[in-house]
Amino acid sequence: KTKQVNTFLESHKVTIGNMLGLAFTGYLALVRVLPLVFAATVALAVPDSLRTLFKSNAEIMARILTNMFAFGIPFTCMLFFLVFLAASYEWHPSVCVCAAAMGVSYTAKILFCDADLTAGQFKKKGRSKVLVFASNLVSFLVLAITLGLGLLPGTTNLEMCYQFINRQICFGSITSGVRVSSTVIMFYALTLWKMYSHPEECTSVSLRARRCVMTKRELMARVKPASLEPISHGP
């Protein structure tokens, strides 16, 4: 089962061009140039995001998860933005699928980018990573601006209210979505600047991005098992 899943994910890789094409198609659906049902085509990039996530280094992921500024705040803000986006379309199923796919791709490709230690990731040049982040930043910036300016047809500023002690608090889906999107945009910009100015360093954890490939014999010579060490019986 595991090999079958891995084979399926490896055969459904998504290039930068394909990702931009899916994002553009989804955006055209959100602005009603295409039928709104086409917004769900963004979900075609989910298998590639899962492939990246499953091959990420567990130790680096644990470090990122415990970092509030590298994961907690940007993840929470993106989550709220996607919820507000779906609410603005009155929870249309295609928009909900699009929002979920955006969340998976954002988590795997952006937040956990330092945990991708595969050989292909290190063969990429530093400017290639910058291009990926820049395209994601521009796509998200256009979506946030058009949502805030009311340029997405069919969206409504859905008012949500709840009772807190003796006070009723209300907020709109569009206005609140624009507010939390500013934090995501700042995180994108800061990460992009770090990646451009220090291409050989990680963006979320204090480590240098290096990969060393060696044979089993070389590994055994460098890391000697404790069981093979001579036992000292004292003088």
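# Salt bridges, cysteines and a hairpin

Tutor: Asp48, Arg51 and Lys109 are linked in a network of salt bridges. Please keep in mind that the model is predicted.

Student: How many salt bridges are found in the whole structure?

Tutor: The search of the whole structure gives 3 salt bridges.

Student: Starting with Arg51, which residue does it pair with, and at what distance?

Tutor: Arg51 pairs with Asp48, and their closest N and O atoms are 2.9 Å apart. Both residues belong to helix α3 (residues 46-54), where a spacing of 3 residues separates them by about one helical turn.

Student: Why does that spacing matter in a helix?

Tutor: An α-helix has 3.6 residues a turn, so residues three or four places apart point the same way.

Student: And where does Lys109 come in?

Tutor: The side chain of Lys109 meets that of Asp48 in a salt bridge of 2.6 Å, N to O. This pair links distant parts of the chain, since Asp48 is in helix α3 and Lys109 is in helix α6 (residues 93-111), 61 residues apart.

Student: Is Asp48 buried or exposed?

Tutor: Asp48 is buried, with a relative accessible area of 0%. Arg51 is buried as well, at 17%, whereas Lys109 is partly exposed at 21%.

Student: Changing topic to the cysteines: which of them form a disulfide?

Tutor: Cys161 and Cys170 do, with their sulfur atoms 2.1 Å apart. The link is right-handed, with 110° about the S-S bond. Cys161 has a relative accessible area of 37% and is partly exposed; Cys170 is also partly exposed, at 39%.

Student: How do strands β1 and β2 pair?

Tutor: Strand β1 (residues 159-164) and strand β2 (residues 167-172) pair in the antiparallel sense over 6 bridges. One of the bridges joins Glu159 to Gly172 in β2. The two strands form a hairpin with 2 residues between them, and Ile165 in the turn has a positive phi of about 60°.

Student: How far is Tyr188 from Val138?

Tutor: Their C-alpha atoms are separated by 9.6 Å, although the residues are 50 apart along the chain. Val138 lies in helix α8 (residues 126-148) and is partly exposed at 49%.

Student: Lastly, which residues form the nonpolar patch on the surface?

Tutor: The patch consists of Phe75, Leu79, Val83, Trp91 and Leu158, with about 420 Å² of accessible area together. Phe75 is in helix α5 (residues 68-88) and is partly exposed, with a relative accessible area of 31%.

Terms used: Residues numbered from 1 in each chain as written. Predicted model: local features only at pLDDT ≥ 70, side-chain atom pairs only at ≥ 80, totals over all residues. Heavy atoms only, no water. Disulfide = S-S within 2.5 Å. Buried < 20%, exposed > 50% of the residue type's maximum accessible area, 1.4 Å probe, protein only. Pairing = 2+ DSSP bridges. Helix = DSSP H or I, 4+ residues; strand = E, 2+ residues; numbered from the N terminus. Patch = residues over 30% accessible without salt bridge, like charges linked within 9 Å, V, L, I, M, F, W, Y side chains within 5 Å. Areas by Shrake-Rupley, 256 points an atom, 1.4 Å probe, with all protein chains shown as cover. Salt bridge = Lys/Arg side-chain N within 4 Å of Asp/Glu carboxyl O.
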